[in-house]
Amino acid sequence: MSSNKLSINCIFYVDFNIETGIELIHQEPADFIKMEEIERLSIFLTPRAKFCDKIVNIFLGTCYLISYPRLLVNKSYKRSNFEFNCCLIVSKKEYEINFMLYDIIVKNICQFLEMKEMKEGFNFLSTHPEFIREYLKEI
């Protein structure tokens, strides 16, 4: 009997800091993806209008990075917005078999994080990295 369990190689959360640029807040497992790779992919990871609210898939040779960039607009934020993204990395084979499921998963994660930000008050995600760490460990 075959297993129906999905296989995520890595999950990570990034946001955009006005002073320092893209920041890797947490990843599970630790050290799976290097900061240099995140910086190289930053144009796709921190939202631009054309990427917001859309699934973004990036083929990295042997695996796919799947994300759903978010851009929250409110005057409570510096620059009047907050940019974040939660990303999954899965093997090429796994993604090609279950791409719709991974797309739904990453979209739901990011929408949940947005709702948490709205419920808890603006700047919650950027000031509570421990919440991000615990949440990603549960996934």
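This is a predicted model: local features need pLDDT of at least 70, side-chain atom pairs count only at pLDDT 80 or more; totals for chains, interfaces and linings use all residues.

Author: Let's start with a helix pair: from H3, Ile109, Phe112, Leu113 and Lys116 make contact with Phe131, Ile132 and Tyr135 of H5.

Reader: What kinds of residues are in that contact, by class?

Author: The contact of H3 with H5 has 6 nonpolar residues, 1 charged residue and no polar ones.

Reader: And at roughly what angle do the axes of H3 and H5 cross?

Author: Roughly 150°, and the axes come within 13 Å. H3 covers residues 92–120, while H5 covers residues 129–138.

Reader: Is the crossing left-handed or right-handed?

Author: The crossing of H3 and H5 is right-handed.

Reader: Okay, switching topic. What volume does the largest pocket have?

Author: About 290 Å³.

Reader: Which residues lie nearest its centre?

Author: Phe16, Asn17, Ile18, Phe82 and Ser126 do, out of the 17 residues that line the largest pocket.

Reader: Which strands and helix supply at least two residues each to that lining?

Author: On the strand side there's S1 (10–17), S2 (21–28) and S6 (81–91), and the helix is H4 (124–127).

Reader: How does the lining split by class?

Author: In the lining of the largest pocket, 7 residues are nonpolar, 6 are charged and 4 are polar.

Reader: Is the peptide bond from glutamate 28 to proline 29 cis or trans?

Author: That bond is cis, with omega near -5°.

Reader: And what's the phi of aspartate 31?

Author: Aspartate 31 has a positive phi of about 65°, although it isn't a glycine. Aspartate 31 also sits in the loop between S2 and H1.

Conventions
Residues are numbered from 1 along each chain as its sequence is written. Side-chain values use heavy atoms; hydrogens and water are left out. Axes are lines fitted to C-alpha atoms, for helices over the stretch in contact, and angles run from 0 to 180 degrees between N-to-C directions. Helices (H or I, at least four residues) and strands (E, at least two) are DSSP runs, numbered from the N terminus. A crossing is left-handed if the near helix is turned anticlockwise from the far one by less than a right angle, and right-handed if clockwise. Contact means heavy atoms within 4.5 Å. Ala, Val, Leu, Ile, Met, Phe, Trp, Tyr, Cys and Pro count as nonpolar, Asp, Glu, Lys and Arg as charged, and the others, Gly among them, as polar. On a 1 Å grid over the protein atoms alone, a cavity is a set of points where a 1.4 Å probe fits but cannot get out, and a pocket is an open set with protein on both sides within 12 Å along at least five of seven lines; lining residues have an atom within 4 Å of a point. Grid points are joined across faces, edges and corners, and a volume is the space filled by probe spheres set on the points.
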